[in-house]
Amino acid sequence: MTVQLTIPRPDDWHLHLRDGAMLKAVLPETARDFARAIIMPNLVPPVVTGDQAAAYRDRILAALPDGMGFEPLMTLYLTEDTDPADVAAAHASGLVKAVKLYPAGATTNSASGVSNFDKVRGVLETMADIGLPLCTHGEVTDHDIDIFDREAVFIDRVLDPIRRATPSLRVVMEHITTKNAADYVSSQEQDLGATITTHHLIINRNHILAGGIKPHYYCLPVAKREEHRLALRAAATSGDKRFFLGTDSAPHTDPNKLSACGCAGCFTATNTMPLLAHVFEEDSALDKLAGFTSENGPEFYRLPVNTESLTLKKQDSPVAFPAQIETEDGPVTVFDPGFDVFWKVA
């Protein structure tokens, strides 16, 4: 039995850190294990310009505890008024590593997102010219489209037309949740990658809805049928370099999660690496874990693999992860996989 595994220090290619007191509380949970992370820009107000991204990066670094090494990789929030010149300048400075596309109304703090995709053609063409990736929240928001079908429809109606119109644009399909998305990525030869979250490898929609509503499993995109979860597991553990880890770890206080209109998001930063070791071992793919968490993402983003390492150890008794972390805004519940985990970060 494998009892220890050492891999290059991983990165998180999709992370929500929030701001203020929440940022200060949740940042150490990521920086403990991860060297870098793509930071989501959906604050209120959103991070739209290079100057705003620089200010947010400075707040993140100021909140980092002494002795922890962590590099925030900044993104810009794409709006219909985004200035292509500002995007190009922010990229040229080394500050911004991607631009985030939220269809308006698709998820938390996405009201400033895109409704008319013709209005962002100029930005997308500039990004294609300079090699700056577009990260997509891949759901349509039409009220007549079932919430469980919105990712598949996005591929057909939005993503594929964008890629055909701008074929050299590098795109990351973020937090994919369907076999449709995994198959689409696998069918494309270049300039397309996809992140997969920890929780979408573990839960399906029954976890949210069967036996009573479970608010702490509610996320967007929402978890789908079991066949889709299994397709994501197959993609993540395949060794295919087009798939890599983006936790989409999204902290909300318990009162906000448990409210009448509960916030979407699972907070997985605390225990992601042990959970992934469990999943990959279960699928006889521990040899593929380093690729998924530490190598494929840097290759897509044209960054070096981290030289530091992280060691995971398996023990005989279950690991006791904290049920919550405390913040000045209130408690945040840590994702509970619903099964015993025997792996821990050494």
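The second largest pocket of this predicted model has a volume of about 230 Å³. Here a pocket is an open set of points on a 1 Å grid over the protein atoms alone, with protein on both sides within 12 Å along at least five of seven lines. A volume is the space filled by probe spheres set on the points, which are joined across faces, edges and corners. Fifteen is the count to keep in mind for the lining: of these 15 residues, Ile-208, Leu-209, Ile-213, Pro-215 and Tyr-218 sit closest to the pocket centre. A lining residue has an atom within 4 Å of a point. Helix α7 (residues 205-209) gives the largest share, three residues. By class, the lining splits into eleven nonpolar, two polar and two charged residues (Ala, Val, Leu, Ile, Met, Phe, Trp, Tyr, Cys and Pro are nonpolar; Asp, Glu, Lys and Arg are charged; the others, Gly among them, are polar).

Then there are the cavities, sets of grid points where a 1.4 Å probe fits but cannot get out. Three of them reach 30 Å³ or more. The largest cavity comes to about 120 Å³, and of its 16 lining residues, His-16, Thr-107, Leu-220, Asp-248 and Ala-264 are closest to the centre. Its lining has five nonpolar, eight polar and three charged residues. The second largest cavity is about 60 Å³, with a lining that includes His-216, Asp-254, Cys-266 and Phe-335. Both α9 (254-257) and β12 (332-333) supply at least two residues each to that lining. Helices (H or I, at least four residues) and strands (E, at least two) are DSSP runs, numbered from the N terminus.

What about the cysteines? No disulfides turn up anywhere in the structure, a disulfide being a pair of cysteine sulfur atoms within 2.5 Å.

Zooming out, the protein chain has eleven helices and 13 strands, and 57% of its 346 residues count as buried.

Residues are numbered from 1 along each chain as its sequence is written. Local features need pLDDT of at least 70 and side-chain atom pairs 80 or more, while totals for chains, interfaces and linings use all residues; side-chain values use heavy atoms, without hydrogens and water.

How values were computed. Buried means under 20% relative accessible area, exposed over 50%, partly exposed in between (1.4 Å probe, protein chains only).
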